[in-house]
Amino acid sequence: MLRNIAVPVLAPVPAFELGVVCEAFGLDRAPPGLPAYDFAVCGEQVTPVPTTSGFAVLPGHDLSRLADADLIIVLGAAPPTPPPPAALMRQLHDAVARGATIASACTGAFVLAAAGLLDGRRATTHWLYAPLLASRYPQLTVEADQLYIQDGPIITSAGSAAVIDLCLHLMRREHGAEITNRIARHMVVPPHRDGGQSQYIEMPVPEPDAADELAEVLQWALLHLDQPLTVDALAARASMSSRTFARRFRQRTGATPAWWVNRQRVLLAARLLERGNDTIASVSARSGFGSPDTLRRHFIQARGITPDQYRRAFRLTEPDTRTPGRTGNRKDATAAPPCTELRVPTASARSARHQPGQHEHPAPAPQH
């Protein structure tokens, strides 16, 4: 049973993640009939530890307290950070050996990886640092599009607010959906979020190299995403054979033409969904997917949520949420950051994942 929870803190402590974990497990919710936990924040010493937000926290216990925990939640600051102390790594290995659950919030995955606990496992972390985690620890499999991943006794979660999803997952696993839904209501958060971390990932594409032989045709493609962009059509514009073009394209971008075109169309669709009130049918046509069904399929594959869900989450214009019949000015809403502009990738983008079965032709847009 999940009863004893410990959170080791290392300087600098990410204040938001620590606050969420304390809110989820550190409050006494016994009076309304909800679970209560033996919860502790632990440090190398019982002395103030600085946070990333300019204040310090005082752990109530040293690291020896971890020996009693059923669940240990490891936090992490933005890399690079010093190696975790040997005492913490010993406690984490001992906890796994006795059957405890080890979880990481955000970049706490780097601590678990440094301790060797993620070797041979699937893991996630903040999307911004996922490539660094994968390159630094090639013995693990990083899946940057997930909000959290459980692999055996180890659970890793994505960036910042995904620690909420992690905590609710742990509660759901232990207490079931009914109790978890009640706790989520107390925290005023949804008990489960749709989609994964991929809906929040920026897809930057570097500026083109003026000397690149493919730069002109790729710039042209970005301006004509609503047209059928087959490999043959792009190759003809580049004055190459289809075979040569596909090979040069893969060398240049790290992706197949089909994968790249589809991702650029998803980027354009995301911009249209964020910045305007076009219908889904209009967005489908302007981004080159043709039909709402095709847009939905590719958008879910790339972002993990539907176009409608994405628009509700990231639109730059605030929908009118006033109660009917009431007057008065609404407070200005904080706009979500705009989607990254569409630009042509350089050779540094070779980390793009190849999608099997798409190395011949992209899905053609309808003829207009």
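## Report on a predicted structure

In this predicted model, β3 (49-50) and α3 (108-114) each supply at least two residues of the lining of the second largest pocket. Of these contributions, that of α3 is the largest share of the lining, at 3 residues. The volume of this second largest pocket is about 410 Å³. Its lining comprises 27 residues, and those closest to the centre of the pocket are Leu10, Ala11, Pro82, Pro83 and Pro84. The lining divides by residue class as follows.

|---|---|

The report now turns to the packing of the interior. In soluble globular proteins, nonpolar side chains tend to be buried together. The largest nonpolar core of this model has 32 residues, and Phe25, Ile73 and Leu75 have the most contacts inside it. Two or more residues of this core come from each of β1 (4-8), α1 (15-25), β6 (71-74), α5 (162-175) and α6 (177-187). The element that gives the most is α5, with 7 residues. Leaving aside residues up to four places away in sequence, Phe25 touches Leu2, Ile5, Tyr37, Phe39, Leu71, Ile73, Cys167, Leu170 and Met171. Apart from this core lies another, of 31 residues, with Leu218, Ala221, Trp260 and Leu295 among them.

Within α7 (residues 215-223), the residues Ala215, Val217, Leu218, Ala221 and Leu222 are buried. They lie on the same side of α7 because they cover an arc of only 165 degrees around the axis. An α-helix has 3.6 residues a turn, so residues three or four places apart point the same way. On the face of α7 turned away from the buried side are the exposed residues Glu216 and Leu223.

Gly43 belongs to strand β2 (residues 38-43). Gly43 counts as buried because its relative accessibility is 0%, where the cut-off for buried is under 20%. Not counting residues up to four places away in sequence, Gly43 touches Val9, Pro59, His61, Asp62 and Leu63. Gly43 and Pro59 are 16 residues apart along the chain, and their C-alpha atoms are separated by 5.6 Å.

Conventions. Residues numbered from 1 in each chain as written. Predicted model: local features only at pLDDT ≥ 70, side-chain atom pairs only at ≥ 80, totals over all residues. Heavy atoms only, no water. Core = buried A, V, L, I, M, F, W, Y, C linked by side-chain atoms within 4.5 Å. Buried < 20%, exposed > 50% of the residue type's maximum accessible area, 1.4 Å probe, protein only. Helix = DSSP H or I, 4+ residues; strand = E, 2+ residues; numbered from the N terminus. Contact = heavy atoms within 4.5 Å. 1 Å grid on protein atoms, 1.4 Å probe; cavity = no way out; pocket = protein on both sides within 12 Å on 5 of 7 lines; lining within 4 Å. Points joined across faces, edges and corners; volume = space filled by probe spheres on them. Nonpolar A, V, L, I, M, F, W, Y, C, P; charged D, E, K, R; others polar. Arc of directions from axis to C-beta.
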